[in-house]
Amino acid sequence: MSTGNDDRDVRGDVRAQIREFLTTRRARISPEQAGLPVYGGDRRRVPGLRRSEVASLAGISPEYMTKLERGNATGVSDSVIDGLVHALQLDDAERAHLEDLLRTAGSTRPPRRRPTRQRVRPTIQRILDSMSGAPAFVLNGRLDILAANHLGAALYSPIYADPARPANTARFVFLDPHATEFFRDYDKAANDTVALLRAEAGRDPYDRDLSDLIGQLSTRSDEFRQRWAAHNVRIHTSGTKLLHHPAVGDLDLAFESLPLPADPSQSLLTYTAEPGSPTQDALNLLASWSATTDNLEPLHPVKD
């Protein structure tokens, strides 16, 4: 059972995250990018904007900016957030992350604990199974794979090779040596994975399983620690994945990640190939391969 000390520890950690997030955001913006004049004798001890410059651009006092960077988030107004978004040139994902952090740090009481759902509803499983020509999965915010259709299990067979359950894409990316072969653009895959976990940690800082996962990855992976320290976040709803499957070779797959509003923190991830493309041929071959392979992950969803 959580205690008051646990709640204070979480809010204290979130206040530190606010400081680090704001500091890393202003460090990446030069005065020129912000439209500020630069003089020849202006020697800067740190990269990017000064705190006072961000305050001026945001329309707040330097004292208030200092207060925010210390994580004092009580009563932060929408207009202040708008000013910070403008000054720090935040995108939609970064704004949402900042709002999540400010909400937690400024709260006087912790939210009611609701563990991240592990159960996939039968209707969602039937949707997965009906998508026989496209790999499909249900993931939660921790990037646990909660369910898959048959072609999805075949595509992610290298991830399912880890006996730990539920299978987790972040563990695979950072702890499995085969990840650099499976993801042909490994750096992008690693950066996207960390950005998704960072955003989820802002949305639900009381998720103990997420904290344990981040602790495990931080302890065992230098790659993860370095990326985690950057405080980057991202909305990751569509794009292209460049994969190399050990049975069928290279695949260039378009993906869509669709949130499941009735199941908070869950999303439906699908991959598709251009009709008539080499990737479509590889998917067809993968379907044939999976039909003759007995050791694919069972298709039943993870239970609570």
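I began at the end of helix 2 (51-58), where G59, just after the helix, takes a positive phi of about 75 degrees. Helices here are DSSP runs of H or I with at least four residues and strands are runs of E with at least two, numbered from the N terminus. The model is a predicted one, in which local features need pLDDT of at least 70 and side-chain atom pairs count only at pLDDT 80 or more, while totals for chains, interfaces and linings use all residues. Residues are numbered from 1 along each chain as its sequence is written, and side-chain values use heavy atoms, with hydrogens and water left out.

**Around helix 2**

Within helix 2 I found E53, V54, A55 and A58 buried, where buried means under 20% relative accessible area, exposed over 50% and partly exposed in between, with a 1.4 Å probe and protein chains only. R50 sits in the loop between helix 1 (4-27) and helix 2, and I list R50 as partly exposed because its relative accessible area is 33%. From R50 I went to T23, which is 27 residues away in sequence, and the C-alpha to C-alpha distance came to 9.4 Å.

**Other backbone points**

Most residues other than glycine have a negative phi, and most peptide bonds are trans. L143 lies in the loop between strand 1 (136-139) and strand 2 (145-148), and is buried, with a relative accessible area of 9%. S265 is another residue that is not a glycine and has a positive phi, of about 80 degrees; S265 is in the loop between strand 4 (249-259) and strand 5 (267-272) and is partly exposed at 30% relative accessibility. The peptide bond from R165 to P166 is cis, with omega near 0 degrees, and P166 belongs to the loop between helix 8 (157-160) and helix 9.

**Whole chain and cores**

I counted 14 helices and five strands in the chain, and buried residues make up 48% of its 304 residues. Taking contact as heavy atoms within 4.5 Å, I find that residues 24 or more positions apart account for 60% of the contacts with a separation of 6 or more.

For a nonpolar core I used buried Ala, Val, Leu, Ile, Met, Phe, Trp, Tyr and Cys residues joined through side-chain atoms within 4.5 Å. The largest core has 43 residues, and those with the most contacts inside it are F137, L155, Y156 and L197. Helix 11 (residues 186-203) provides the largest share of this core, six residues. A second, separate core of 29 residues includes F21, V54, A55 and A58. Leaving out residues up to four places away in sequence, I listed what L197 touches, including L143, A170, F224 and W228.

**Aromatic rings**

Which residues form one aromatic cluster? They are F137, Y156, F172, F182, F183 and Y271. My rule pairs rings of Phe, Tyr and Trp (its six-membered ring) if their centres lie within 6.5 Å, with planes under 30 degrees apart called stacked, over 60 edge-to-face and the rest tilted. The rule gives nine aromatic pairs. I looked at F172 and F182, whose ring centres are 5.7 Å apart with planes at 85 degrees, so the pair is edge-to-face. F172 lies in helix 9 (residues 169-175) and F182 in helix 10 (residues 179-182), so the pair ties together parts ten residues apart in sequence. F172 is buried at 4% relative accessibility, and F182 is buried at 2%.

**Strand 4**

E256 is in strand 4 and counts as partly exposed at 41% relative accessibility. E256 and Y271 are 15 residues apart in sequence, with 6.8 Å between their C-alpha atoms. Setting aside neighbours within four places in sequence, I find E256 in contact with T237, S238, L268, L269 and T270.
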